[in-house]
Amino acid sequence: MEANKEQILVNRLLLKEEAAWKELFGAYSGNLSYVCSRYIIDKDDVHDVLQNSFIKMFRSIDSFEYRGSGSLKAWITRIVVNESLKHIRQHSDFKVTMNDSDIPDITDDEEPEIEEMPQEAMMEMIRSLPEGYRTVFNLYVFENKSHKQIAELLGIAENSSASQFHRAKAMLVQKVKEYKMLIKAQYE
């Protein structure tokens, strides 16, 4: 959404125009569903979190400060992430996973080779991670949070965040390798 249109939409949202809220939902609900589903697996829970997020947006729009192009999207995305984390804390026995049996050893600099990987396949791999790994991975990679910030958000130790991320990355490296081997085998 270009800056001028975004600013006009923000002004209409501040006036609590119903049509503006419908426009916001139409323009951003797909992207916000995607963000939410990185954290939460169950479709009904994703729907509930999105509904709660839009209610929170409506109630707190007066505190939003337009800071240029993209600031509205950043603000509503932050609300969805926070509501997703709130849901995880309230509806699961969120804990850091420490079972090393399924995790291959990788070097610290080994990255998943995701070139030419379909985005949908990568998303499914991320969604298949254990909840603790998935949450830390998403916060670190997509929200650019430091391990210290993640630890504060989740109420875990900073080194637990770092180890969860390392384990998540190791699992993804393995999943990507398996996926590529499967694809290669299909063409042989």
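This is a predicted model: local features need pLDDT of at least 70, side-chain atom pairs count only at pLDDT 80 or more; totals for chains, interfaces and linings use all residues.
**Entry 1: charges over rings**

I started with K16, whose charged end sits over the ring of F58, 4.4 Å from its centre. For a charge to sit over a ring, NZ of Lys or CZ of Arg has to be within 6 Å of the ring centre and within 35 degrees of the ring normal. I then found R38 over the face of F142, at 4.0 Å from the ring centre.

Residues are numbered from 1 along each chain as its sequence is written, and side-chain values use heavy atoms, with hydrogens and water left out.

**Entry 2: ring pairs**

I looked up the pairing rule: rings of Phe, Tyr and Trp (its six-membered ring) pair if their centres lie within 6.5 Å, and planes under 30 degrees apart count as stacked, over 60 as edge-to-face and the rest as tilted. By this rule I get six aromatic pairs. One of them is F64 with W75, a tilted pair at 5.0 Å centre to centre and 50° between the planes.

Which parts does this pair tie together? F64 lies in the loop between helix 3 (43–60) and helix 4 (71–91), and W75 lies in helix 4, so the pair ties together parts that are eleven residues apart in sequence. (Helices are DSSP runs of H or I, at least four residues, numbered from the N terminus.)

Buried or exposed? I checked F64 and W75. F64 has 9% relative accessibility and counts as buried; W75, at 10%, is buried as well. Buried means under 20% relative accessible area, exposed over 50%, partly exposed in between (1.4 Å probe, protein chains only).

**Entry 3: Y140 and F165**

The ring centres of Y140 and F165 are 4.3 Å apart with the planes at 45°, so I noted this pair as tilted. It links distant parts of the chain, with Y140 in helix 6 (residues 131–141) and F165 in helix 8 (residues 158–186), 25 residues apart. Y140 is partly exposed at 33%, whereas F165 is buried at 13%. I also saw that F137, Y140, F142 and F165 form one aromatic cluster.

**Entry 4: two helices**

Helix 2 (residues 18–39) packs with helix 5 (residues 119–127) at an angle of about 40°, their axes 8 Å apart. Axes are lines fitted to C-alpha atoms, for helices over the stretch in contact, and angles run from 0 to 180 degrees between N-to-C directions.

Y34, S37 and R38 in helix 2 meet Q119, M123 and R127 in helix 5, where contact means heavy atoms within 4.5 Å.
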